[in-house]
Amino acid sequence: MSENSIRDVFLEEAKEILRHLEADLIQLEENPDDEVVHRIFRYVHTIKGSSGIAGFDEVYEFTHRLENLLDAVRNKKVPVEKALVDLLLESMDWVAEAIYEHANAERKKFLDEKVASFGSFSAKEGEAVLARTENVQAEKPANYFLVRASFKPTIFENGIDPLLILEDLVSLGSVEHRRVHFDKLPALRDMDPEKCYLEWTILLKTFHPRQKLDEAFLFVKDDNDISIEDVTNDFTDSERRAGGIQERKVGEILVRRGVITEEELDTVLSIQRETNKKIGDIIVEKGFADEKAVQQALGDQNRIKSRIQATTVRVETKKLDTLLNLLGEIVISQSSIARMAEELEEEQGYRLKNALYGMDRITREFQEQIMAIRMIPIGPTFEQFRRFVRDVADDVHKEIRLDIRGSETELDKTVIEQISDPLKHMIRNAIDHGIETPQERQKAGKKPVGTITLNAYHQEGNVFIEIIDDGRGLDRAAIRRKAVERGLIKGDEEINDRQLQEFLFMPGFSTAEQVGELSGRGVGMDVVRTNIEALRGTVELFSEPGKGTTIRIKLPLTLAIIEGMLVRVGKNVYIIPLLSIVESLQPVRDSIKTVEGKGEVLLVRDEYVPLVRLYQHFGIDSDFTNPWEALVVVVESGTSRIGIMVDDLVGQQQIVIKSLDNFITKSRALSGAAIMGDGTVALIIDVHGMVGEIAT
Amino acid sequence: MNAAENKKAAHESAEQEMKQYVTFVIGNEYYGVEVLKVQEIIGMTQIVHVPNSADFMKGVINLRGTVVPVVDMRTRFRMPEREYDMFTVIIIVEVKNRMIGMIVDSVSDVVDMAESSIQETPHFAAKIETDYIRGMGQVDDKLVIILDIDKILSASDLEKMGQDAEESK
Amino acid sequence: MAAIVLPEDVSVKKVKALHAELLNAVDNDENEMVIDFSAVKRADLAVYQVLLACARECREKKKVVKIKGASSTVKEQMKFCGILRSN
């Protein structure tokens with residue numbers, strides 16, 4: 001592996017580890033259990049090793065000290081407290097910064113201070129925790145030791161197998177040179193097989209200090225001839241071993257299966273890092289598991305690897321975007337050809353149409369495959385909010401738990417990137433306005449710790465993301481007041497839930513008593529909605545006073561290609577997404593009524609739905625002005641339904657959605673456009689947007 | 001040369017720098033836009049009107065698979081409207097990473113103009129709001145008004161205009 | 001020719017018996033000696049040491065020593081003890 005790719009692999013891996021670390025540290029605070037501590041220790045251990053290999057010396061040294069501290073925590077010599085977690089989180093931030101930016105004097109100072117503060121936590125540690133930074137810089141990561149081992153002949157009688165000791169020794173580093181001396185070994189017929197005659201000379205390259213090597217010989221150094229000589233100065237090592245950094249995952253799989261223990265994994269990982277042997281081989285060598293179990297795990301690892309690869313798909317999205325665009329053009333061409341096929345004679349037309357059906361099926365599947373590549377789980381996005389929630393909750397002196405569900409739910413990569421900010425907004429809102437202070441909660445008979453739940457799931461071709469808080473819910477009275485204040489409704493007018501929502505989504509609308517430093521001004525729920533609608537999604541609010549609020553975001557699974565129903569009004573053709581259509585009908589005169597102050601409604605199967613005359617709504621000419629002479633398409637968004645009056649239904653086809661820039665129109669009823677087979681542009685009706693427009 | 005002299009020299013050469021402009025006609029005047037900002041020029045094509053849009057927003061067109069909004073420059077500059085004829089073209093420009101089309105009466109030559117020859121416009125000199133004008137220059141015997149495209153077609157401006165249009169209805 | 005099959009738990013505890021077996025095998029007329037490790041997961045130094053002595057003897061007698069069924073663990077151990085060459 002070249003220098004650059006070792007570095008890249010390290011950067012990539014470190015990023016992921018730091019993310020996991022952050023999540024675990026926060027979990028540690030809430031729930032200090034041994035497993036979490038072990039995990040954290042292992043993560044830091046991994047970064048330490050990898051940073052050493054990749055040449056990030058400062059990071060290596062820092063994490064080395066950090067590892068000592070964590071070791072003390074692991075051995076219960078240092079208690080888990082908020083102060084500790086704060087320090088660990090800060091240290092992590094330092095590591096993140098150090099890894100991704102260039103060195104500067106600031107960091108050196110921080111390093112000094114932090115290392116000094118570690119000392120205050122674990123003053124009992126044998127190793128020099130209070131390292132001077134001069135030492136830190138002077139030490140080279142790799143040391144070379146010449147080990148000479150000659151065991152006493154009766155060593156087997158003590159029940160000791162020197163081979164094990166030596167294997168332990170070499171697990172601490174990598175063997176540069178090894179020599180077995182059997183000059184003391186007599187001939188086969190003369191020897192006493194129960195006596196030891198062999199000696200070794202080993203040149204070991206290791207990141208461990210001398211003491212660690214001494215430890216390997218702890219039980220034998222007294223009456224055996226062991227010598228360890230530091231010969232580092234005799235060597236310069238410019239070549240770094242490539243780390244099989246991603247290979248540790250096989251080990252993790254085996255641990256999860258209970259085939260090897262975590263301690264064994266630790267040993268294996270350190271051997272692997274320093275000797276570059278395959279994890280599987282080391283495991284079998286050390287006798288921790290048999291080859292069969294390892295092979296099985298390797299098989300799984302390959303499967304998992306591809307999944308892991310999926311979560312780290314890099315900026316190939318540009319290429320995927322190109323693919324999708326091309327596919328979109330195919331769809332458009334297809335519809336041109338379909339049109340031409342319509343105009344052909346029966347015989348020819350028939351065969352061509354058949355061929356086109358086949359092609360249609362293929363394009364649809366093609367599209368699904370491309371979309372599948374772009375899908376990544378939402379878990380990491382959710383997880384990154386843990387830190388955010390902790391910090392913000394701290395700032396406003398509230399106690400809040402973040403509950404995450406549905407981490408495996410997959411969304412298109414672009415969509416995930418774009419909802420990240422809106423989600424943050426809404427979580428902040430929930431913290432600021434939703435969850436009450438611990439005192440208020442207790443007074444209300446609730447637990448002092450509030451819960452915010454992030455949930456994600458698939459349903460009927462859509463992805464739903466929910467932000468649920470168990471706070472105080474929306475204050476209807478306050479919203480009413482605000483609405484009256486702003487002249488949106490009259491003093492005695494009733495408002496239903498839908499209108500309530502609409503008000504909240506208006507720019508600048510806020511019922512917050514104080515304009516907090518963090519939010520205030522109703523933190524742009526209007527901006528949030530705009531962002532989500534730009535992704536052709538919808539946002540809905542549900543709330544129960546005193547119990548909490550749920551924000552539900554619905555996003556389409558397929559971004560760009562949908563089934564559309566073409567409708568005509570006068571000379572204009574519009575597209576209504578098929579998924580939103582409930583039914584189409586030609587209404588009878590009697591079924592249409594006018595409700596005062598609300599407009600026209602249409603009776604559809606025992607339900608009155610608002611009637612929208614599209615020609616009126618859009619200010620265009622139409623063939624018909626009487627609904628009973630025309631057609632009404634009943635559409636649905638969430639739980640709301642409306643009937644859209646059009647002149648005629650033209651047909652149904654797959655369409656590629658092209659977005660409309662925001663400034664083109666103020667109408668929320670139009671969210672995009674599509675290019676028809678004949679090259680003209682047809683505007684796509686946004687059902688949710690139209691429903692919203694009607695309501696106000 | 002010392003620093004001050006260097007600066008002056010650089011400034012001078014910048015002034016001498018020749019840039020190319022696409023010139024076109026709206027009303028009786030010649031206008032110009034930096035050629036680098038022009039994507040292409042197409043003939044009049046079917047424009048699909050978009051409801052609830054500002055009056056100068058004529059609609060959208062299909063430009064090889066991309067939906068591009070089109071602005072009628074006459075309406076934008078509050079000039080009387082006129083029927084489109086065979087000379088009417090749409091100049092597709094790139095503004096802040098978006099493509100927008102400008103409908104103009106006709107297109108003229110691509111000319112070279114030095115920065116130094118572009119003079120500031122006195123407030124009353126042009127028919128259109130001088131905010132949108134970078135300057136005026138002379139090419140042969142024509143007076144060319146150099147437009148600041150970014151300003152004229154900036155999204156926020158358009159949105160605002162849109163709102164104004166709404167309110168004035 | 002008979003192979004010397006090592007039991008799964010071969011160690012210093014059984015090395016005396018192994019030693020005797022090897023002595024016999026070394027003295028026979030076969031020009032090949034097969035040592036079967038199939039059942040062995042890992043062995044200790046006493047085992048490898050006696051094998052080392054045996055191998056040295058065979059070399060002098062021009063007998064070929066073949067190792068059969070050695071797992072990778074065992075192979076590593078043999079390399080460590082100088083029975084197999086590290087490549």
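## Basis of the description

The model is predicted, and local features need pLDDT of at least 70, side-chain atom pairs count only at pLDDT 80 or more, while totals for chains, interfaces and linings use all residues. Residues are numbered from 1 along each chain as its sequence is written, chains are lettered from A and ligands numbered from 1 in the order in which they are written, and side-chain values use heavy atoms, with hydrogens and water left out.

## The six-stranded sheet of chain A

In chain A, six strands form an open sheet with mixed pairing, in the order 14-18-19-17-16-15. Strand 14 (581–585) and strand 15 (592–595) of chain A each have a single partner strand, so one side of each edge strand is left without a neighbour in the sheet. From one strand to the next, the twist averages 35°. Strands here are DSSP runs of E with at least two residues, helices are runs of H or I with at least four, and both are numbered from the N terminus; two strands pair if DSSP finds at least two bridges between them.

Within this sheet, strand 18 (residues 631–637) and strand 19 (residues 640–646) of chain A are antiparallel partners joined over seven bridges, and Leu631(A) stands opposite Val646(A) of strand 19. Helix 23 (residues 687–695) of chain A packs on the sheet, where it touches strand 17 (607–613), strand 18 and strand 19 of chain A, and its direction makes about 95° with that of strand 18. Contact means heavy atoms within 4.5 Å, and angles, from 0 to 180 degrees, are taken between N-to-C directions of axes fitted to C-alpha atoms, for helices over the stretch in contact.

## The five-stranded sheet of chain A

Another open sheet of chain A, also of mixed pairing, has five strands in the order 6-8-9-11-10. Its edges are strand 6 (400–404) and strand 10 (538–544) of chain A, each with a single partner strand, so one side of each has no neighbour in the sheet. Neighbouring strands are turned by 15° against each other on average, direction ignored.

Strand 8 (residues 450–459) and strand 9 (residues 462–469) of chain A pair in the antiparallel sense over eight bridges, with Gln459(A) opposite Asn462(A) of strand 9.

## Chain C

Chain C holds three helices and three strands, which follow one another from the N terminus as β-α-β-α-β-α. Of its 87 residues, 48% are buried, that is, under 20% relative accessible area with a 1.4 Å probe, protein chains only. Among contacts in chain C between residues at least 6 apart in sequence, 78% join residues at least 24 apart.

Conventions: Buried < 20%, exposed > 50% of the residue type's maximum accessible area, 1.4 Å probe, protein only.
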